[in-house]
Amino acid sequence: MAEGKNRARIQRFGSHLSGMIMPNIGAFIAWGLITALFIPDGWLPYEPLAALVGPMITYLLPLLIGFTGGRLVYDFRGGVLGATATMGVIVGADIPMFLGAMIMGPLAGYLMKKVDQLFLDKIRAGFEMLYNNFSAGILGAILAGIAVLGVGPIVNSLTNSLAAGVEVIVNNGLLPLASIIIEPAKILFLNNAINHGLLSPLGVEQAASNGKSILFLLETNPGPGLGILLAFSIFGKGISKSSAPGAAIIQFLGGIHEIYFPYVLMKPLLLLAVIGGGMSGVFTFVLLDAGLVATPSPGSIFALLALTPQGNYVGVVLGVVVAAAVSFTIASLVLKTTKDVEEDLTAATGKMEEMKGKKSTAAGYLAPQAAQGPTATSDGDVLQEGAVVTSDPTMKEADQVRRVVFACDAGMGSSAMGASLLKNKFKKENIDIPVTNTAISQLPDDADIVVTHKDLTPRAKEKLPQAEHISVENFMNSPEYDKLAQRLKNKH
């Protein structure tokens, strides 16, 4: 029980970190591409464009993280304070302040929220704008000053110490041992805390000084997962064998690593395969001095190749291939030597979702919906064969619906897939209603229908009580999407 609670806390912490990083991955990739192309050692050296590299990593990226962290806590008002406080740690340090931004952004948003809770209701009518502007300005100035004089130097020292520790590990050839922690942590959904909390900030600092970093390859290497899925494709049984080839394409090309987690959970001995694959891949990266210029997201082979600097393609490709080969070899031995019985992939997927703490998009790919059976929603309703139920008994009339919004934790994964499916259905029915996706913390006020996973519906209702709320058991395979399309078709 205690172990589960601790894991859940770490998962929530990792989710919070990824919530600050993931929305800004595009900016990180843009910086990485500019670095790879235009610095003196890049593919197309060009000094005017290379001049973007320094300001982007020093100011743009930390400020984006700080703003996003503050906004997650207290909407745009918190975001503005987060960016203001982050500017203080930038000035107070001589290295890129990603860790500082992760600290000051949410802290500033939280403090602004508390100040408003104390004073906003006491402000006399007509003085609201005066209070809003000056309270934010005063608190922002105070936090920026504290960050310059105190937080910046402390985080600077901490980052330098961590970077020095990583350098010692690399110089002594111990970096492959990191896979002993990283690969099992991925299965336990603790990867966000490791990757976005430590590896990415340190990797960006290394890339800024060296033009690349091996740290970007530790958690994102698709090789170990590919080896597992290829082994099941050849030596697996039943559903696990038939589903593995498609899962391999999604994992290796699409970068959705969690799709191979249920296969490992069916046979825990396969942890040896992913650890062995991870260690051999990292050893190859170290041996050939390979690295990337920015964090690849998702962990697709295409993302890795796009962010590989000049002269590193052989090392990156070999590291992925070696990791896949070693993982495949070990996994094949495990599958051939363990008890020859049909494995329950659906049960393993359910176990994975229990560990994750929420529904996984991988479930829709790995098991037929009928196999999942009826599922109760948080309101006590029963979902048959992956159906969707409307949690709110009052449905919107067709002519009242102007916007449909899908929401999930980060607003970038499962909700994006569900929104894409519904868009296609609307297009086929000639329904001209916008369908968007967002993080549940940023639900827009003008959403008329909100689609969420059943575990998130209570939060969505609290955020937007006036909307119609639809609880979804599986974003990727819901027959009720067709029913919704038919209902809204009457509008046009």
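Trainee: Is the crossing in which helix 5 passes helix 6 left-handed or right-handed?

Mentor: The model is predicted, so the reply concerns computed geometry. In this model, the crossing of helix 5 past helix 6 is right-handed.

Trainee: Is helix 5 roughly parallel or roughly antiparallel to helix 6?

Mentor: The axes of helix 5 (residues 98-119) and helix 6 (residues 128-171) come within 9 Å and cross at roughly 150°. Angles over 145 degrees count as roughly antiparallel. Helix 5 is therefore, relative to helix 6, roughly antiparallel.

Trainee: How many nonpolar residues does the contact of helix 5 with helix 6 have?

Mentor: On helix 5 the contact includes Leu-99, Ile-103, Leu-111 and Phe-119, and on helix 6 it includes Tyr-131, Leu-139, Val-151 and Leu-162. By class, the contact of helix 5 with helix 6 has one charged residue and three polar ones, and its nonpolar residues number 16.

Trainee: Which class does the angle between helix 7 and helix 12 fall into?

Mentor: The axes of helix 7 (residues 179-187) and helix 12 (residues 271-287) come within 9 Å, crossing at roughly 130°. This angle makes the relation of helix 7 to helix 12 oblique.

Trainee: How many charged residues are in the contact of helix 7 with helix 12?

Mentor: Helix 7 contributes Ser-179, Ile-180, Glu-183, Pro-184 and Ile-187, which meet residues of helix 12 including Leu-271, Gly-278 and Val-282. The residues of this contact divide into eight nonpolar and two polar, with the charged ones numbering one.

Trainee: Of the residues of the protein, what percentage count as buried?

Mentor: The secondary structure comes to 20 helices and seven strands. The protein exposes about 21800 Å², of which carbon and sulfur atoms supply 63%. Of its 492 residues, the part that counts as buried is 52%.

Conventions:
Residues numbered from 1 in each chain as written. Predicted model: local features only at pLDDT ≥ 70, side-chain atom pairs only at ≥ 80, totals over all residues. Heavy atoms only, no water. Axes fitted to C-alpha atoms, helices over the stretch in contact; angles between N-to-C directions. Helix = DSSP H or I, 4+ residues; strand = E, 2+ residues; numbered from the N terminus. Parallel < 35°, antiparallel > 145°, perpendicular 65-115°, else oblique. Contact = heavy atoms within 4.5 Å. Nonpolar A, V, L, I, M, F, W, Y, C, P; charged D, E, K, R; others polar. Buried < 20%, exposed > 50% of the residue type's maximum accessible area, 1.4 Å probe, protein only. Areas by Shrake-Rupley, 256 points an atom, 1.4 Å probe, with all protein chains shown as cover. Left-handed = near helix turned anticlockwise from the far one by under 90°.
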